[in-house]
Amino acid sequence: MTAPRDNDSPRPQEPDLALAAKLLDAQPFSRLVGARLTAFGDGAATIEVDIRPELHQQNGFLHGGVLSYAADNALTFAGGTVLGAAVLTGGFSIQYVRPATGLTLVARAQVVHGGRRQAVVRCDLSTVDEEGAEKLCAVAQGTILPVAQG
């Protein structure tokens, strides 16, 4: 699947999952929550986090901050596949659909519009239960911006 692009958008280098995974692992907070990049390229990225008790809020659900973290990073990595590696999140919103419970959080982001100056990216956040069934728990959308090099 290829992300929609403007005719004037730059062509970044071919995405490399192993290199991108190392960049995610270089973030101390990513290591703290145990995040892993499982897909990267063609305008998309997927981040997974194993759900464990330390990541719960007081009612036993996955904390919303963990969902926001996963959305933010998945959005940015997906945007980086069309804008290049030097990108930052310009902003994003998240809508929580249901409390997150299960074994694994999966954040799947897809560029919906890629241009030279920004990428608009959507992220669906689901949890996976013991039987492998997925339940949508949040939806995010954000704008990813290239960082000026210099």
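**Cysteines and a helix contact**

Trainee: Why is C137 called buried in this predicted model?

Mentor: The relative accessible area of C137 is 1%.

Trainee: What makes C123 buried or exposed?

Mentor: C123 has a relative accessible area of 0%. This value is also under 20%, and therefore C123 is called buried. Across the protein chain, buried residues make up 40% of the 150 residues.

Trainee: How do you know how many disulfides the structure holds?

Mentor: A search of the whole structure finds zero. A disulfide is a covalent bond joining the sulfur atoms of two cysteines. To be counted, the two sulfur atoms must lie within 2.5 Å. The cysteine sulfur closest to that of C123 belongs to C137, and because the distance is 9.6 Å, it is too far for a bond. For C137, the closest cysteine sulfur is in C123, again 9.6 Å away and too far for a bond.

Trainee: Which residues make the contact between helices α1 and α3?

Mentor: Helix α1 covers residues 17-25 and helix α3 residues 64-83; they pack at an angle of about 140°, with their axes 12 Å apart. From α1, the contact involves A20, L23 and L24; from α3, it involves Y69, N73 and F77.

Trainee: What makes these contact residues nonpolar, polar or charged?

Mentor: The division is five nonpolar, one polar and no charged. Ala, Leu, Tyr and Phe count as nonpolar, so A20, L23, L24, Y69 and F77 belong to that class. N73 is therefore the polar residue.

Terms used
Residues numbered from 1 in each chain as written. Predicted model: local features only at pLDDT ≥ 70, side-chain atom pairs only at ≥ 80, totals over all residues. Heavy atoms only, no water. Axes fitted to C-alpha atoms, helices over the stretch in contact; angles between N-to-C directions. Helix = DSSP H or I, 4+ residues; strand = E, 2+ residues; numbered from the N terminus. Contact = heavy atoms within 4.5 Å. Buried < 20%, exposed > 50% of the residue type's maximum accessible area, 1.4 Å probe, protein only.
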